[in-house]
Amino acid sequence: MRFFPRKILPMPDGMDTQEIRKILESARHQHLSFHRSGKFRSLRFGDSPSNVLGEGLEFGEVRRFSPGDRVRHVHPAATSRAQELMVRKFIEPREALVLLLLDISPSMYLREKMQVALGAAGIIAASAHVQHMPLGLWTVGGSTIVELPPRSGQGHFHSVMDLLTEVLGKSEQGELTEAHRIEWRHRKLERFLSRGSFLFVISDFIGDNDTLNSAMHHDAFTWYSIPVIVQDALEYSFPIFPRHGAVVPLTDAETVEKREIWIDRKRSLRIREKHRTRFARLCKGFVDQHRGYAHIESPNLGRIFRSLQDTLS
């Protein structure tokens, strides 16, 4: 059983809605670069090489004119309404996507782990949006499994933010959550991934989760899945207790069962070694699969950004 201090167990009905919105709004100012050296040279791919710059065929959105946009993509009606040049954005059906797979199991709500996960999700989502990359969202591991298929555009980005707020918030789940509730099958993810796509799996990776395992170990995700490990010092390590020991009130992360246990120095050292071994095995598994991973333990958005960018570099 995995026990943690009872006093830091969050409210069982979710995070405060205002806190969620504040984290997501702050995360919008941190922008990652999704270029990964040595894997590919572009975020967009066709099925054959060409010396000519190409473009997508599928309509994506209408946005403001930027230097480099083609004049023939100017949208007259939108330009007239906005009183500034507006162009149509087209996407290639196989262009790189950014997919977020967020673990919302009970253990993720301990201490500040969900705040860390939400900060990472917000930075990744905002970065995809400003780079006009289709963005998708899946939440798994809890009572609510939702799927928001990848698309680009301002409206879709706000839908992702609103869905995160509904799923993680204390208020009752709304129409948006109900509209996107699904039964999980890993093939649902696979059908969206194209060459060069990014799948960010945000979890504490504690315990056996068939959904996460199927996503992380499927051959289709070998080069593109990026584990974001959300574990704090009580999980990848453990404090050393005094020699005479102490009674500690603890709560099971999965069942919310509460009890008091006695921990002395020897027992704390055993727990510390067990946690460090588990974490080392987890990291080694990702390295053996030739995957970079990010380990984040602080809700500081600057640190989250640097950890994610270092992993992508």
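**Reading ring pairs and charges**

Q: Both F34 and F200 are buried in this model, which is a predicted one. How should I read a pair of aromatic rings?

A: A pair of aromatic rings is described by two values, the distance between the centres and the angle between the planes. In this structure seven aromatic pairs are counted. For F34 and F200 the ring centres are 6.2 Å apart and the planes stand at 65 degrees, so this pair is edge-to-face. F34 belongs to the loop between helix 1 (17-27) and strand 2 (58-64), whereas F200 belongs to strand 7 (residues 198-203), so the pair ties together parts that are 166 residues apart in sequence.

Q: Which class does the pair of Y236 and F279 fall into, and why?

A: Here the centres are 5.6 Å apart and the planes lie at 45 degrees, so the Y236 and F279 pair is tilted. Y236 sits in helix 8 (residues 233-236) and F279 in helix 9, so the contact ties together parts 43 residues apart in sequence. F279 counts as buried, with a relative accessibility of 14%.

Q: Which residues do ring pairs link into a cluster?

A: The cluster consists of F34, F198 and F200, linked by ring pairs.

Q: Where do D288 and K284 lie?

A: D288 and K284 both lie in helix 9, four residues apart, which is about one turn of the helix. Their closest N and O atoms are 2.9 Å apart in a salt bridge. Elsewhere, salt bridges that share partners join R111, K113, D204, D232 and E235 into one network.

Q: Which residues form a positive surface patch?

A: The patch is made of R243, R259, R265, K266, R267 and R270. Helix 9 (residues 265-288) gives the most to the positive patch, with four residues. R267, which is found in helix 9, is partly exposed at a relative accessible area of 31%.

Technical notes: Residues numbered from 1 in each chain as written. Predicted model: local features only at pLDDT ≥ 70, side-chain atom pairs only at ≥ 80, totals over all residues. Heavy atoms only, no water. Patch = residues over 30% accessible without salt bridge, like charges linked within 9 Å, V, L, I, M, F, W, Y side chains within 5 Å. Areas by Shrake-Rupley, 256 points an atom, 1.4 Å probe, with all protein chains shown as cover. Salt bridge = Lys/Arg side-chain N within 4 Å of Asp/Glu carboxyl O. Lys, Arg positive; Asp, Glu negative; His and termini not counted. Charge placed at Lys NZ, Arg CZ, Asp CG, Glu CD. Helix = DSSP H or I, 4+ residues; strand = E, 2+ residues; numbered from the N terminus. Buried < 20%, exposed > 50% of the residue type's maximum accessible area, 1.4 Å probe, protein only. Phe/Tyr/Trp six-rings, centres within 6.5 Å; stacked < 30°, edge-to-face > 60°.
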